[in-house]
Amino acid sequence: MFSKTQRFTSYIVASALLLPLSLFAENRSRGRTDLERLAADLERALGRGSVVVEGRQKRVPQLEQPATSGFAESIVAAMNRERAAQGLGPLQLEPRLNLAAEDRVGDMLSKRYFDHVSPDGVNPFTWVQSRGYRYRMIGENLALGYRNSESVVNGWMNSPGHRENILKSGFNEVGIAFADTSPRRGYRGPLVVALYGRR
């Protein structure tokens, strides 16, 4: 059973075209180039660590490293804390669901969309079946722009459809995949896909 849930996004949209032309004249910092002043103003608008000037030391954004499996495990741990508070058993990471979630992330990034159904009409359960996971129940949560695992799960818990997937007693397995980027322009990563299942 797959129930489509609403999209869940957290993002900042900004455009350099919206910034005032007085950026160069108004900045009172001495000893900085125009480019450094513009970068500082853009960083104030877009967020710390979002702008890098060539030759300047790169700032590392406050983001868990999605390249490690620890990020997925911390999302599962946060979901399991919510489940335990409701007297539910834990979700276990399942390799085939992880692979299906990775396929979903790759498809979203390559086709530049953020939705439960791809532009060519492919549903999440299709990805799960292609990885050989024979399910009785299936569900999906998506997140975009949440900076760490706790904020991802808190966001899901504040959305009825996503909360339902986390707390569904029938689910006992999950696959998690993520990318530190966004599939859509104007949106900030990371992108997170969670596929819930029961065989």
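Mentor: Start with a side-chain pair: D107 makes a polar contact with Y113, side chain to side chain, at 2.6 Å. Keep in mind that the model is predicted.

Trainee: What makes the pair of D107 and Y113 a polar contact?
Mentor: The cut-off is 3.5 Å between N or O atoms. The side chains of D107 and Y113 come to 2.6 Å. That is within the limit, so the name applies.

Trainee: Where is D107, and how do you know whether D107 is buried or exposed?
Mentor: D107 sits in helix α4. Its relative accessible area is 6%. Buried means under 20%, so D107 is buried.

Trainee: Which residues does D107 contact, leaving aside neighbours within four places in sequence?
Mentor: R112, Y113, S118 and W127.

Trainee: Why is R112 called partly exposed?
Mentor: R112 has a relative accessible area of 44%. Buried is under 20% and exposed is over 50%. The value for R112 falls in between, so partly exposed is the label.

Trainee: What is noted about the phi of R112?
Mentor: R112 has a positive phi of about 60°, yet is not a glycine. Most residues other than glycine have a negative phi. R112 lies in the loop between α4 (95-111) and α5 (124-130).

Trainee: Which peptide bond is cis?
Mentor: The one from G189 to P190, with omega near 5°. Most peptide bonds are trans. P190 is in the loop between β3 (173-179) and β4 (191-198).

Trainee: How many aromatic pairs are there?
Mentor: The count is 2. In one of them, F71 and F178 lie 4.8 Å centre to centre, with 80° between the planes.

Trainee: How do you know whether F178 is buried or exposed?
Mentor: F178 has 18% relative accessibility. The limit is under 20%, so F178 counts as buried. F71, at 1%, is buried too.

Trainee: What makes the pair of F171 and Y196 stacked?
Mentor: Their planes are 25° apart, and their centres 5.7 Å. Stacked needs under 30 degrees, so that is the label. F171 and Y196 are both buried.

Technical notes
Residues numbered from 1 in each chain as written. Predicted model: local features only at pLDDT ≥ 70, side-chain atom pairs only at ≥ 80, totals over all residues. Heavy atoms only, no water. Helix = DSSP H or I, 4+ residues; strand = E, 2+ residues; numbered from the N terminus. Buried < 20%, exposed > 50% of the residue type's maximum accessible area, 1.4 Å probe, protein only. Polar contact = N/O pair within 3.5 Å; in protein donor to acceptor, adjacent residues only side chain to side chain. Contact = heavy atoms within 4.5 Å. Phe/Tyr/Trp six-rings, centres within 6.5 Å; stacked < 30°, edge-to-face > 60°.
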